[in-house]
Structures are given as C-alpha cells and as structure tokens.
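Hi everyone, thanks for making time.

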Amino acid sequence: MQEETAISQRRACRLVGLSRTVLNYEAKTDPANQLLVGRMVELAAERRRFGYRRLHVLLRREGHQANHKRVFRLYQGEGLAVPKRKRRRGVMVERQPLTLPEAPNQVWSMDFVMDALSSGRRLKCLNIVDDCTKESVDIVLDHSITGLYVTRALDQAARFRGLPAAIRTDQGPEFTSKALDQWAYRNGVELKLIQPGKPTQNAFIESFNGKFRDECLNEHWFTSLAEARVLVAAWRRDYNGRRPHSALGYLTPAEFAARCRASLPDSATGQEIG
C-alpha cells in the first residue's frame with residue numbers, strides 16, 4: 001500500500017488491522033536456545049525413535065534448565081518429530097476352512113521360522129510342508145530370503161516332486177510379493193492367503209514349525225550358516241524317513257506318502273522325497 005500510494009504506515013496498519021508493533025518486530029535469537037537446540041539435534045540423531053518427552057528428560061539430566069513446553073516448541077521448530085510407522089495393511093481375504101488334502105501335492109504350506117547364529121546374526125528358515133503327507137518338502141536357510149528367493153526354492157523343490165495345486169501362506173511381504181504372485185500365475189499354482197493375524201488358519205505348518213524348533217533349532221548352537229544347513233538337512237531327512245508321526249498312525253511321512261502314491265497310480269503326484 002505504501003509503495004503504490006502516499007499513505008502513511010500508521011494509516012495502512014489501521015486499514016488492514018495490523019499492529020505497528022507486530023509489523024516492526026524483529027525476532028531475537030537466544031544463545032541459550034541455540035545451545036539447547038544444538039544438543040537436542042545431536043540427541044535426536046543418536047536416538048532417532050525418541051520423542052520430545054524423552055529428549056527433554058535427557059536434556060534435564062545434562063543440566064539444561066528448560067521445561068517440556070519450551071523443548072516441544074524447539075523440537076517442532078527443528079522438524080524433529082518422529083514419523084509414525086505406517087501399519088502394513090493385509091490383503092482382504094475370506095476365511096477358508098482348513099481341510100486335509102486327499103493326495104500329495106494338492107496343497108503345500110509355507111512359513112518362516114527365525115533363529116540366530118552363535119555370533120548373533122539372524123538366521124531365516126523357510127519351511128515348506130506337504131499338508132497331506134506331512135513331508136518336509138524343503139527347509140531353506142539363509143540370512144535373508146526375499147520373494148524372488150522363495151520362487152527359486154519352489155522351482156528347486158518342483159524338480160524332485162512336481163508343483164502343487166495350491167500353496168497356503170500367511171500375508172508376509174515375501175508371500176505377497178509380485179515375484180511370487182507372477183511365479184504362481186505362470187505355473188498355474190493357486191496362492192491361498194490366510195487372514196492377517198490368524199496363524200491357526202495355517203495350522204499344519206504351525207505344527208511343523210513347533211516340532212522343527214523344539215527338536216532341531218533348540219538342540220543346536222549354530223556357529224555358521226554352512227553348519228546350520230548341514231544339521232538342518234540331517235534333521236529333515238530324519239523327520240521324513242525315520243520319525244513316526246502321530247497324525248499318520250505313527251507312520252513316517254515318507255511311508256505315508258508311499259502308501260498314498262501306491263493307491264493313486266495314475267495321479268501325477270511326483271516322486272517321494274528323502
């Protein structure tokens with residue numbers, strides 16, 4: 001207004017309803033605030049998931065005299081707010097009854113079991129089970145297993161016994177990935193996803209996971225990935241070929257699978273695994 005007309009500052013402020021004090025105010029930097037902000041930024045970098053309340057406690061312990069409202073104002077001004085982690089939404093699926101398949105290779109189940117080496121490094125185990133025969137189709141071990149890794153493991157298992165008609169999994173990121181979805185489409189395999197947070201809908205693999213942890217993982221102290229693979233492979237062979245299974249009339253999974261395949265000579269059920 002003053003640039004376009006000869007109006008005074010007093011009259012211009014009156015017309016727009018602005019105080020001249022506010023117009024002429026210049027913020028003054030407080031050295032104490034600068035020191036406080038600097039230390040707050042350092043603490044926030046060290047502890048990225050701490051909010052302003054915990055940072056306020058740490059600052060008070062170091063002798064900074066500032067109440068929580070001042071800390072919050074400076075915290076907001078520096079943009080240190082902790083972003084909320086978005087909850088991953090599961091795929092909406094209808095609940096399907098858990099029925100026992102009538103023949104091998106009708107339905108496989110997959111799930112992950114986590115463990116660690118003696119060094120503390122994570123060990124991820126992908127368990128694949130035939131729901132009908134209770135056979136352990138494969139147990140894949142590595143430090144990290146992606147959706148693409150899962151498809152390679154399934155291709156490897158299919159070389160020995162053929163592909164299943166369907167695979168039941170939870171809604172983990174590896175099982176809902178594009179890699180597994182495209183693999184299933186190419187090979188004509190149906191993916192049966194259970195509802196989020198409902199592990200009982202995949203009870204066959206959960207039962208196997210319990211046995212695997214109790215009889216194998218809890219009985220060994222793995223020092224390396226190579227050692228873990230050797231010991232787990234030995235346990236899997238014993239589970240399939242020697243361990244009697246109560247749900248199979250105390251036959252081993254391999255014996256029960258042989259009976260199933262003998263009664264279905266014309267069905268493409270693949271070969272028995274060890």
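Asn33 is buried, at a relative accessible area of 17%; buried here means under 20%, exposed means over 50%, and partly exposed is in between, with a 1.4 Å probe and protein chains only. This residue sits in helix 3, residues 31-46. Helices are DSSP runs of H or I with at least four residues, strands are E runs of at least two, and both are numbered from the N terminus. Beyond its neighbours within four places in sequence, Asn33 contacts Arg70, Arg73 and Leu74, where contact means heavy atoms within 4.5 Å.

A quick word on what you are looking at: this is a predicted model, where local features need pLDDT of at least 70 and side-chain atom pairs count only at pLDDT 80 or more, while totals for chains, interfaces and linings use all residues. Residues are numbered from 1 along each chain as its sequence is written, and side-chain values use heavy atoms, leaving out hydrogens and water.

Now let's zoom out. The chain has ten helices and five strands. Its radius of gyration is 31 Å, well over the 19 Å that the globule rule gives for 274 residues, so the chain is more spread out than a compact globule. That radius is taken over C-alpha atoms, and the rule is 2.2 Å times the number of residues to the power 0.38. Along the principal axes, the C-alpha trace spans about 105 × 45 × 30 Å. Buried residues make up 41% of the 274.

So what holds the inside together in terms of nonpolar contacts? Let's look at the cores.

A nonpolar core is a set of buried Ala, Val, Leu, Ile, Met, Phe, Trp, Tyr and Cys residues joined through side-chain atoms within 4.5 Å. The largest has 19 residues, and Met110, Leu126, Val150 and Leu154 touch the most other members. Strands 1 (107-116), 2 (122-130) and 3 (136-142), along with helices 6 (147-161) and 7 (178-187), each supply at least two residues of this core. Helix 6 gives the most, with five. Apart from this core lies another, of 18 residues, including Leu117, Leu141, Cys216 and Phe222.

Last stop: Leu231, in helix 9, residues 225-241. Leu231 is partly exposed, with a relative accessible area of 26%. Setting aside neighbours within four places in sequence, Leu231 is in contact with His220 and Phe222. The C-alpha atoms of Leu231 and Tyr250, 19 residues apart along the chain, are separated by 24 Å. Thanks, all!
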